[in-house]
Amino acid sequence: MSAKKEPSVLQGFKAFLMRGNVIDLAVAVVIGAAFTNIVNALVKGIINPLVGAIGTQNLDNYSTCLSDSCHGTHGIQLMWGSVLGAALSFLITATVVYFLMVLPMSKYLARQTARREAREGTKEVIEVSELEVLKEIRDALVAQRGTGRDDH
């Protein structure tokens with residue numbers, strides 16, 4: 001009896017690394033890291049100055065003190081400005097990703113699918129018409145044979 005040899009851990013790891021999903025994920029992480037710099041610059045260069053027109057340019061300065069006195073690191077502070085800045089960064093990132101990446105890709109894929117379906121529909125029509133022509137030829141040949149036999 002022969003025992004099945006299970007793949008080694010290294011072979012399994014190599015197969016895992018060679019999957020397309022892992023490569024796609026690695027590319028996404030690198031692009032995401034580069035994109036983060038753009039979003040951070042947008043928040044610091046445009047959003048913070050717009051907020052600064054109302055108050056301070058640094059959203060981290062917005063906080064609320066929950067204790068009697070908040071001086072430096074003493075007291076309990078809710079740093080809601082930091083949360084607001086992070087939420088704005090997230091919204092900007094999500095907006096840019098949706099409008100510059102997801103929406104155009106969805107439209108492209110929809111066009112590709114429509115073209116593929118149109119081509120397949122055309123192939124079916126051609127195949128059906130070819131089949132009809134072949135049937136007509138067959139019927140004509142059968143009719144010729146039938147009339148030819150009757151003449152003898």
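A quick definition before anything else: a contact here means heavy atoms within 4.5 Å. With that, among contacts in the protein between residues at least 6 apart in sequence, 28% join residues at least 24 apart. Housekeeping: this is a predicted model, where local features need pLDDT of at least 70 and side-chain atom pairs count only at pLDDT 80 or more, while totals for chains, interfaces and linings use all residues. Residues are numbered from 1 along each chain as its sequence is written, and side-chain values use heavy atoms, with hydrogens and water left out.

So what's the layout? The protein has three helices and two strands, in the order α-α-β-β-α from the N terminus. Those are DSSP runs numbered from the N terminus, helices being H or I with at least four residues and strands E with at least two.

Now, the UniProt record, an unreviewed entry, annotates "transmembrane region" at residues 21–43 and 78–103. Positions follow the numbering used here, feature names are shortened, and annotations may be inferred rather than shown by experiment. In the model, residues 21–43 are 100% helix and 0% strand, with end C-alpha atoms 32 Å apart. Residues 78–103 come out at 92% helix and 4% strand, and there the end C-alpha atoms lie 37 Å apart.

How much of the chain is buried? Buried residues are 8% of the 152, where buried means under 20% relative accessible area, exposed over 50%, and partly exposed in between, using a 1.4 Å probe and protein chains only. The largest nonpolar core has five residues: F35, V39, V43, I47 and I92. Helix α2, residues 20–52, gives the most to this core, with four residues. By nonpolar core I mean buried Ala, Val, Leu, Ile, Met, Phe, Trp, Tyr and Cys residues joined through side-chain atoms within 4.5 Å. Leaving out residues up to four places away in sequence, V43 touches N48, P49, S89 and I92.

Last stop, A86. This residue sits in helix α3 and counts as partly exposed because its relative accessible area is 47%. The C-alpha atoms of A86 and N40 are 9.6 Å apart, although the two residues are 46 apart along the chain. That's my tour, thanks.
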